[in-house]
Amino acid sequence: MEKRRVAILGSTGSIGRQALDVIAQHRELFDVELLTANNSSELLIRQALEFDVNNVVICNEEKYGEVAGALQPEGIKVFAGMDSVCDLVTADNIDIVLTAMVGFSGLRPTMAAIGAGKPIALANKETLVAGGPAVTALAREKNVPLLPVDSEHSAIFQCLMAAAGNRITRIHLTASGGPFRTWTREQMSRATSADALKHPQWNMGAKITVDSATMMNKGFEMIEAKWLFDMKPEDIRIVIHPQSIIHSMIEFADGAVLAQMGHPDMREPIQFALSFPERLSLNNRKLDFAQLGSLSFEEPDYDRFPCLGLAFDAIGRGGVVPCAMNAANEVAVAAFLQDRIAFDAIPEIVSRTMDMAPRISSPSVDDILETNEESLGAAVRLLPEYEL
């Protein structure tokens, strides 16, 4: 494998930090060319110095002086703002872009990187949830691979590699069930943000952990799978698998099923996306089947987790409705994390905002951007009705 020059968008988040851990294990194979962060200036500075990067972007322009003062004397170029991210990802000295920014903010730089022909290691769910038609169309036009980083989509991708071109009839998308898997709806109505952040299997950022608690995260992943693997939503089955050992499965017409397994460790799918098609050694915990005990599976409860049904509804309605759903979810989750609204207010705000979305059958990027702004505003205006 030739050395690859990597840009990490969102390097201070959970995925970004784990990606740098992977790269640290293979310094001879990867150079870090670009790091970006939104607010975490101190960590961004430490990362840039450790990996001797060429460029960094701090998206919060108020923190530019702090970052520039620390890094420019070391010969590291410092920029500010999202426009800088979109410009820098197109540079000739970047071979692959890991998109690990949180939320809708990942769409613009991902589109810019695809437009410049850069392979994408995709860790930003919202890019495909909100902009799936536009993103996949541009990727096809530019012949750019979208290499999945989510453990579930990486599992499907890896299983497809073993499918030898045979058509699959169904995807089984596994879900841990999150921290409220066994809670009643009444218990969940009283759940606090601290309760929602106690994920039983995965160590993730706050927003995605709450999305796991509502199971909106699994709805997002269903939409991602639809776009990544050209599948109908009705052929994507959600199955609860609390142990998080089987990361997802594919099924063939004859009933045969292929599964990809591993401990819940995001470094494996991150590394596979960065090194694809080669597999590298990784300092991680390996499976010991004798110690696993039993693996269990359950049907998801759409009554207790209405966000899952909302995701199927959104992709069924199509157009910009998934974008509206994503925007409302960002607003509602942020309010819940601030203890402003109850847990069960999240799906209500999302549902009402989806109903306000315009009917646009084939949205352009501008349509998606406009819908996102309008839906953010609509969700914010609904918040006072639900404030505690």
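The legends below describe close-up views of a predicted model. Local features need pLDDT of at least 70 and side-chain atom pairs count only at pLDDT 80 or more, while totals for chains, interfaces and linings use all residues. Residues are numbered from 1 along each chain as its sequence is written, and side-chain values use heavy atoms, with hydrogens and water left out.

**View 1. Salt bridge between lysine 3 and aspartate 31.** The closest N and O atoms of this pair are 3.6 Å apart; a salt bridge is a side-chain nitrogen of Lys or Arg within 4 Å of a carboxyl oxygen of Asp or Glu. Lysine 3 lies in the segment before β1 (4–9) and aspartate 31 in strand β2 (residues 30–37), so the pair ties together parts that are 28 residues apart in sequence. Helices (H or I, at least four residues) and strands (E, at least two) are DSSP runs, numbered from the N terminus. Lysine 3 is partly exposed at 41% relative accessible area, and aspartate 31 is partly exposed at 30%. Buried means under 20% relative accessible area, exposed over 50%, and partly exposed in between (1.4 Å probe, protein chains only).

**View 2. Salt bridge between glutamate 251 and arginine 170.** Here the closest N and O atoms are 3.3 Å apart. Glutamate 251 belongs to strand β10 (residues 246–252) and arginine 170 to strand β8 (residues 168–175), 81 residues apart. Glutamate 251 is buried, with 15% relative accessibility, whereas arginine 170 is partly exposed at 31%.

**View 3. Salt-bridge network of Lys125, Asp150, Glu152, Lys218 and Glu221.** These five side chains are linked by salt bridges. The structure holds 21 salt bridges.

View 4. Threonine 353 is buried, at 1% relative accessibility. Residues up to four places away in sequence aside, threonine 353 touches Ala324, Ala328, Ser375, Ala378, Ala379 and Leu382. Contact means heavy atoms within 4.5 Å.

View 5. Cysteine 86 counts as buried at 10% relative accessibility. Beyond its neighbours within four places in sequence, cysteine 86 is in contact with Arg108, Pro109 and Ala112. A distance of 10.0 Å separates the C-alpha atoms of cysteine 86 and glycine 106, which are 20 residues apart along the chain.
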